[in-house]
Amino acid sequence: MASFVGDEVLESKLPEIHQSDVKKAVEEELNDCPIDEVRLTVPVTDDPSEPALTFRTCFLGMIACGLLAYLNQFFWYRTNPLTIGSATAQIIALPIGKLMARTLPKRDIRVPFTKWSFSLNPGPFNMKEHVLITIFAGCGANTAYAVHIITSVKAYYHRPLHPVAGMLLVQTTQLLGYGWAGLFRKYLVDSPYMWWPSNMVQVSLFRTLHEKDKRPKGGLTRLQFFLMVFICSFAYYIVPGYLFPSISFVSFVCLIWKDSITAQQIGSARNGMGLGSFGLDWSTVAFLGSPLATPLFAIFNVFAGFILFLWVLVPIVYYSNAFEAKRFPFFSSRTLDSTGKTYNVSRILTDDFDINIGAYNNYSKLYLPAMFAFIYGISFATLTATITHVALFHGKTIWKMWRKATSVAGQLGDVHTRLMKRNYEVVPEWWFQAVLVISLALALCACEGFGRQLQLPWWGLLFACAIAFFFTLPIGIIQATTNLQPGLNVITELIIGYIYPGRPLANVAFKTYGYMSMSQALLFTQDFKLGHYMKVPPKSMFIVQLVGTIVASSVSFGTAWWLLTTVENICNTSLLSPGSPWTCPGDEVFYNASIIWGVVGPRRMFTKLGVYPQMNWFFLVGFLAPIPGWFFSRKYPEKKWIRLINVPLILGGLGSMLPARAVHYLMWVAVGIFFNFYVYRWHRKWWARHTYILSAALDAGVAFMGVLLFLLLQNKNINGPEWWGLGDDHCPLATCPTAPGIKVKGCPVH
């Protein structure tokens with residue numbers, strides 16, 4: 001590996017020092033990174049002769065990106081969505097890359113009609129290739145947010161949408177952020193004070209995977225362990241995924257008290273508090289993300305928020321009948337009218353897809369189940385709590401880092417920045433600007449063309465871009481130093497809901513352009529910083545991320561369009577056959593949000609004109625909530641556990657409550673505590689060696705069996721044997737209202 005201070009010079013000056021001590025002294029002199037965690041984790045050496053953007057990188061990265069994009073979009077429509085992260089590709093790519101290095105021919109191949117050539121096998125499979133493959137795959141690790149809009153239009157509103165308009169919407173919302181990232185990269189990437197804490201996990205995992213792996217006595221290699229768990233997970237998922245879906249939502253209370261609405265509201269795994277419920281399905285456990293990769297303090301914070309919200313606040317509101325809560329289900333993401341029936345949005349929409357005020361006034365105000373309404377209140381509180389928490393706990397640190405990052409000294413960087421600038425060409429600024437201009441032009445075509453099906457005018461698009469541009473740098477600084485990212489989704493739909501009410505697609509398109517372009521910019525920047533630490537050429541990083549985003553967006557759109565046009569009654573739970581997995585819990589929430597913020601609008605929901613003006617107090621509650629913890633952490637500095645109380649995490653962890661259910665939180669917490677407390681404390685070597693691999697293998701096994709079941713059986717409307725275990729949690733009364741006189745099909749009338 002290359003080093004930029006001569007070892008021979010130091011050895012001649014310090015003959016009495018052992019050679020290993022000399023090397024240590026060299027490393028200490030070179031490693032001037034100001035962040036302790038980075039200095040202890042990231043190597044300060046580089047070999048610029050190692051190839052990075054190779055045939056192996058492109059081949060494995062393209063396949064992994066497309067496959068993850070397909071699987072994640074495919075599973076998003078199912079009752080138990082499963083997100084397969086890039087860690088799965090990261091682990092699988094290593095043995096395949098090494099196999100390709102051993103078997104592929106080493107001769108050069110010339111590209112026809114050009115002077116370019118490349119080698120199928122440029123040498124041993126190295127860490128830089130592995131990093132690029134993982135980043136390539138990571139582009140497909142999440143569903144494209146704009147696909148929610150397409151699903152809402154086709155599956156819920158049942159309106160036409162031109163496929164080219166949909167494709168442009170998905171592509172441009174994913175690509176616009178690259179322009180912001182290019183403008184701010186000197187602050188968020190080059191500065192040593194912007195260190196992106198979550199990257200330390202990736203750096204550690206890469207170094208672990210590339211160390212020599214000897215099979216321990218009586219044990220397995222990491223690859224053998226992965227294959228064993230993968231096979232078991234693959235084989236087992238046929239039970240909850242097809243033969244016995246009910247074991248994903250087991251509700252003991254409902255099996256005992258079959259005729260009590262209150263008991264089923266308390267015990268239902270899907271539509272209640274979930275007391276006594278559990279699920280024997282990895283997709284249930286990992287609904288919120290893998291608990292094995294979540295720090296223990298974060299698990300406890302999220303669990304505390306879950307208890308305070310679903311087991312304390314919501315029952316008090318519901319059983320005291322605040323906001324007429326008993327007229328509606330205890331736990332639901334549906335929008336409702338005054339009679340307790342699903343809100344018939346078609347009654348208040350014109351043919352031009354705008355709100356008809358007269359029809360709205362003659363029909364009903366929009367009502368929400370108490371839990372759904374308070375989820376919005378909690379989201380208001382999360383926004384202000386994040387601001388207060390960051391200001392109190394990290395304000396001085398961020399301010400110091402900001403001053404250093406923008407100073408001349410900060411821009412010179414540390415050892416990692418010097419190595420990157422010395423060994424590799426930077427990405428030209430015009431690359432980013434070209435992506436920004438082209439994406440913006442295509443976005444204008446999507447919004448203003450195709451009969452303006454998206455409803456968002458040109459000024460709305462530019463306003464959304466202005467919001468994203470304004471917030472990218474400050475939120476990027478917060479995330480790069482604290483690992484917290486305050487979301488813009490609620491605030492953007494609130495703003496456009498007041499400015500341009502009555503237009504649901506304009507609202508969600510504005511939210512997506514404003515929120516996702518910022519989010520994509522920070523995702524791009526975070527990956528760029530990972531490549532910075534791993535000494536990957538910046539131009540290779542840019543190419544991989546750009547191509548990966550285009551591939552992932554195209555595959556996500558194609559998968560969604562295919563399912564929406566081929567799966568009969570997809571997302572319509574009232575018409576789906578028993579046992580059908582195509583219930584679209586996440587898209588139902590997005591659709592209902594478009595009604596709340598877009599059709600009816602915040603003015604008719606959260607002011608005196610609506611039912612829920614009290615939700616605005618949550619802005620103040622969130623702003624004040626972190627202050628007691630900050631005060632006591634300063635008063636009792638010896639009690640370090642106080643600083644682990646994270647109010648934004650307590651509140652923000654509830655952001656997945658819809659579409660997630662109680663059982664998802666309970667199983668996520670139980671498995672997370674078992675592995676990250678018990679196993680970590682008493683079997684630390686096993687935890688360090690196997691935990692991340694276990695998570696990736698479980699994800700992969702469920703994913704491949706889920707796709708196989710769909711292609712062979714469910715695609716032909718064969719949804720499993722007709723028996724008791726084909727149902728959900730067997731709590732049919734949990735969705736019933738308890739107010740007198742409300743009539744709902746299948747429910748007793750009080």
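Buried area is the accessible area, taken with a 1.4 Å probe, that two parts lose on being put together, summed over both.

**View 1. The two assigned domains of the protein chain in the predicted model.** Taken over C-alpha atoms, the centres of domain 1 and domain 2 are 25 Å apart.

**View 2. The area buried between domain 1 and domain 2.** Between them the two domains bury about 1,200 Å², and carbon and sulfur atoms account for 63% of this area. On the side of domain 1, the residues that lose the most area to domain 2 are Trp 76, Tyr 77 and Ile 135, which together make up 44% of what that side buries. In terms of residues, 13 from domain 1 are in contact with 16 from domain 2.

**View 3. Polar contacts across the interface of domain 1 and domain 2.** The rule finds six residue pairs in polar contact across this interface, with both residues of each pair at pLDDT 80 or more, while the count of salt bridges between the two domains is zero.

**View 4. The elements of domain 1 that face domain 2 in contact.** Helix H4 (55-76) and helix H6 (127-138) are the elements that give two or more residues to the side of domain 1 touching domain 2, and H6 provides the largest share of that side, with four residues. By residue class, the side of domain 1 that touches domain 2 divides into seven nonpolar, three polar and three charged residues.

Technical notes. Residues numbered from 1 in each chain as written. Predicted model: local features only at pLDDT ≥ 70, side-chain atom pairs only at ≥ 80, totals over all residues. Heavy atoms only, no water. Domains from an automatic or database assignment. Contact = heavy atoms within 4.5 Å. Salt bridge = Lys/Arg side-chain N within 4 Å of Asp/Glu carboxyl O. Polar contact = N/O pair within 3.5 Å; in protein donor to acceptor, adjacent residues only side chain to side chain. Nonpolar A, V, L, I, M, F, W, Y, C, P; charged D, E, K, R; others polar.
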